[in-house]
Structure formats: C-alpha cells, structure tokens
Amino acid sequence: MEFAKGLQKVVHNCRQSVTHEPHMPLLSIYSLALEQDLEFGHGMVQAAGTLQTQTFMQPLTLRRLEHERRRKEIKESWHRAQRKLQEAEANLRKAKQGYKQRCEDHDKARLQVAKAEEEQQGTGPGAGTAASKALDKRRRLEEEAKNKVH
C-alpha cells in the first residue's frame, strides 16, 4: 500500500518535469512508462483496499455484530432472571406473612381451648353440655389452625 502511494507521488513529480521538456529524446517512452506506473499504482491501491476490506474489515464487522447480538441476549436473559427473582421474593414474603398469621391464629385457638378447659374444670362436672360444646368447638378451631400451619 505504501509502495503504491509512493509510486504515484513519484509519477506525479516526474510527469511535471518530463512534460516541461518538449524536445527531450524518448519523451513518448517516458510518458508511457509514467502512465503505466500510475495505472499500476492505482490498481495496487485498489487491490490493497479490497484485500484489507475483505480480510480484516468484514470479519471484524461480523464479529462485532455477533458480539452485540449476544450481549443483547444476555442482557435480556439477565433482566428476565431479575424479574423472576423479584417475583419469588415477593411470593416468599407473602408466604411468610400467611404462615405468621396462621401461627397467630393457632396460638389464639390454643389459648381459647386452654381457657375453656380451665373454666370447665372450675365449674365442676355437672356444668352441662353447653360448656362441653364450647370446648369441643374450640378444640376443633385449634385443630384446624394447627392443620393450616403444618
């Protein structure tokens, strides 16, 4: 490439000095040689440019495009994974909140059953069926709350 550009400079410089001497012997041969050198230089510059484009630029352009495509794919998959993680964290918080609520319900039911048992024992064996029904109901509530927790 550098050789071809240097050759073109030499041809342009020599052409001016050759054309200023009209009575120079073999002027047509020198002019023809300069024209051929100029054409050769143009051909070499074009060939070097084409080779450089074909050999270096196209593969690099293709690699750049492939790299950008892969980068976009990775970026999109990263965003999808982040969204899934955020959804999972939100679901975990909801599940923990529901679990805590059920635990509190279970504790309340257990306290009510214990309180009802104390009342029934305090009233004696002949207190009636209303207290035992209330006790059974509270035991069922406790069992339901316990089943919800586990």
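Leaving aside neighbours within four places in sequence, Val45 is in contact with Met1, Ala4, Lys5 and Gln8, where contact means heavy atoms within 4.5 Å. Val45 and Met1 are 44 residues apart along the chain, and their C-alpha atoms are separated by 5.8 Å. Val45 sits in helix H2, which spans residues 27-123; helices (H or I, at least four residues) and strands (E, at least two) are DSSP runs, numbered from the N terminus. With a relative accessible area of 24%, Val45 is partly exposed. On this scale buried means under 20% relative accessible area, exposed means over 50%, and partly exposed lies in between (1.4 Å probe, protein chains only).

The model is predicted: local features need pLDDT of at least 70, side-chain atom pairs count only at pLDDT 80 or more, and totals for chains, interfaces and linings use all residues. Residues are numbered from 1 along each chain as its sequence is written, and side-chain values use heavy atoms, with hydrogens and water left out. The predictor's confidence in each residue is given as pLDDT, from 0 to 100. The protein chain has a mean pLDDT of 83, and 89% of its residues reach 70 or more. Confidence is lowest in H1, at a mean of 74, and highest in H2, at 89.

The protein chain as a whole has 3 helices and 0 strands, in the order α-α-α along the sequence. Of its 150 residues, 11% are buried. Among contacts between residues at least 6 apart in sequence, 66% join residues at least 24 apart. The chain exposes about 12600 Å², and carbon and sulfur atoms supply 56% of that area. Accessible areas come from the Shrake-Rupley method with a 1.4 Å probe; for residues, only the protein chains shown count as cover.

Leu26 lies in the loop between helix H1 (2-19) and H2. Leu26 is exposed, with a relative accessible area of 52%. Together with Ile29 and Tyr30, Leu26 forms a nonpolar surface patch with about 310 Å² of accessible area. Patches are made of residues with over 30% relative accessible area and no salt bridge; like charges are joined within 9 Å, and nonpolar side chains (Val, Leu, Ile, Met, Phe, Trp, Tyr) within 5 Å.

Side chains of opposite charge can pair when their charged atoms come close. A salt bridge is a side-chain nitrogen of Lys or Arg within 4 Å of a carboxyl oxygen of Asp or Glu, and the whole structure holds 5 of them. One of these joins Glu68 and Arg64, at 3.3 Å from N to O. Glu68 and Arg64 are separated by about one helical turn because they are 4 residues apart in helix H2. Glu68 is partly exposed at 30% relative accessible area, and Arg64 is partly exposed at 43%.

Further along H2, Arg69 and Glu73 are 4 residues apart, about one turn of the helix. Their salt bridge has its closest N and O atoms 2.5 Å apart. Arg69 is partly exposed, at 38% relative accessible area, as is Glu73, at 33%. Glu73 also forms a salt bridge with Arg70, with the closest N and O atoms 3.1 Å apart. Glu73 and Arg70 are 3 residues apart in helix H2, so about one helical turn separates them. Arg70 counts as partly exposed, at 39% relative accessibility. Salt bridges that share partners join Glu66, Arg69, Arg70 and Glu73 into one network.
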